[in-house]
Structure formats: structure tokens, C-alpha cells
Amino acid sequence: MYDLHNHLLPGVDDGAKDWDMALAMARMAYADGIRGMVCTPHNSAWWNHYFEDKIAPLTREFAQRVRDAGLEMEIGAGSEIYIDLDILKRLQDGRAAPLNGTRYLLVELPFTSWPLYAEQVVFELQTAGYIVILAHPERYTAVMEKPYLMQGMADRGVIGQVTSGSLEGKFGSRAQKTAMQLIENHWAHYIATDAHELSNRTPTLRAAHDVLKAHFGEAQATAMCVTIPRQIFHDEEVSLETPHTWDSQPHRSLFSSLFRRQ
């Protein structure tokens, strides 16, 4: 499996605090079956050339420490880019970076609102040759309330990344239900850990893979945890299912009994 969203690099954001914690998280990921990883710290506090000066060398050191620990994992550098009207400039001056030097950008929206300029930013990035990945849409209040927002993004070729913990219910039943709905409608396309620590937001994908397998089958579970993230890691083309059209009065899905209000 491949994990393209996590916070394992030590001391740069709200993820791993030191090298001991970073390596403990790497060992947990490896034991869970993860064999490829892109480190994606938040870029909100970065200055010009920060990626080249700080994140890239830190990732190389992390990769070496992982190898020295006997863990055979592919390691790449990237960032979780907070949406802004000047993302292209931030990419040019090193205040943001794509995943593992690819065309793929991991973009985060606010949790409590849907920016009016979101579609404009996506268009500008796509025009510049990038492929936009939207981080954890199932956890955004706006998407929980209006899931069809992600149909609009999927129609534009945006890739949706669901957090593994959402499928496990770690972010509540509402996020879990939304995650299932996005996957069912082909508005979200792969799973990542968004790992921050060792107890709750862990660098693990196996449990989410098993949820996917139980509800969607082995093929889709493998696609979302292995095939698609591996293709992104290696800058390959990703073939996505055609997004479903939003039904304002959808039929009762096979998941509805799981999320019926108490």
C-alpha cells in the first residue's frame, strides 16, 4: 500500500515531534503493509525556498533513517497545500510543492467553509498542467451538508482523497457516512492516512482497506489503497470511474442502515 498524505516528518508541523516518534510511526506503517510514502507537512508557515532548504533534505534524512531501521519503503517529499489564490506563485518560490516531484498537488480547503474561489484555483492549476487532489473532503462541513459539491470537482477531474480514519469512524459517523457516499458516487478515489501520531490518527491503511473490501469488493479496495496512490507516486496517469450524477432524493443505499440516526 501507498500513503500519500501524512505528517511523519519531525518538528515541522503538528505531526511527529521528534525522530523517535517519526521512526515509530514509520515502523507502524511498515507493519501495516505500507511500502510507499510521501511526507506532506502543512505549508502554511513556509517562506521562500522552504521546501528545497528544509523539507527536501529532511525527507532525505528520514528516508535514510527508515532504511537504516531495516524498513524497505519508497519515500518522497511533498506538501499539504492550503488553498489560496496565489498557489502557483507559492509553487514557483518554494512555499509549496507537489507530491514526490509529480504533477499531482494535494490541496486542503477550510474545514468550516467552501471558498468561493475554489473552482477558480482548480482551473488555474489545471491550466498550468497540474492535477489537483482534494485532501479529506469527507471531513469538510460544506461537503457533509452538500456532498454534490464533490461531484462538481470530480467532473472537473479533481481527485478526492479520503482519510483512512474516516472509514473507521474515528472522525464521527457523519464523516464516515460522507466518505462512503463520496466513494459510492466516484467522487473520491483513494485513501491516505493523514497520520499525525501513534494512538488515534495513525499511519495505517489496513483497517480502511478492509472496510472498502467489505462494502465495495477487493478490486476497489486494492485500487484505492494500492494502485491509484502508486500511480500518483510515480507520476503515472490515473484512470478514474465516471462520476455519478447527484440525485437530490437518492434511493436508500446499502450503507444507510449503518448510519441511521439514533
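**View 1. Surroundings of isoleucine 232 in the predicted model**. Leaving out residues up to four places away in sequence, isoleucine 232 touches Leu4, Leu99, Thr102, Tyr104, Ile133, Ile159, Tyr190 and Val238 in this predicted model. Within the largest nonpolar core, which comprises 86 residues, Ile232 is one of those that touch the most other members, a group that also holds Phe62, Trp114, Leu167, Tyr190 and Ile191. Among the contributors to this core, helix H2, spanning residues 50–68, gives the most, with 8 residues.

**View 2. The buried and exposed sides of helix H4**. In helix H4, which runs over residues 118–127, the buried residues are Ala118, Val121, Val122 and Leu125. Seen down the axis of H4, these buried residues line one face of the helix, because they fall within an arc of 100°. An α-helix has 3.6 residues a turn, so residues three or four places apart point the same way. The cover over the buried residues of H4 includes helix H3 (87–92), strand S5 (104–108), strand S6 (131–135) and helix H6 (149–155), whereas Phe123 and Thr127, on the other side of H4, are exposed. Just after H4, glycine 129 takes a positive phi of about 100°.

**View 3. Tyrosine 30 and its contacts**. Tyrosine 30 is found in helix H1, made up of residues 19–32, and is partly exposed, with a relative accessible area of 24%. When neighbours within four places in sequence are set aside, tyrosine 30 is in contact with Arg35, Leu71, Glu72 and Met73. Although tyrosine 30 and glutamate 72 are 42 residues apart along the chain, their C-alpha atoms are separated by 8.1 Å.

Definitions and conventions:
Residues are numbered from 1 along each chain as its sequence is written. This is a predicted model: local features need pLDDT of at least 70, side-chain atom pairs count only at pLDDT 80 or more; totals for chains, interfaces and linings use all residues. Side-chain values use heavy atoms; hydrogens and water are left out. A nonpolar core is a set of buried Ala, Val, Leu, Ile, Met, Phe, Trp, Tyr and Cys residues joined through side-chain atoms within 4.5 Å. Buried means under 20% relative accessible area, exposed over 50%, partly exposed in between (1.4 Å probe, protein chains only). Helices (H or I, at least four residues) and strands (E, at least two) are DSSP runs, numbered from the N terminus. Contact means heavy atoms within 4.5 Å. The arc is that of the directions from the helix axis to the C-beta atoms.
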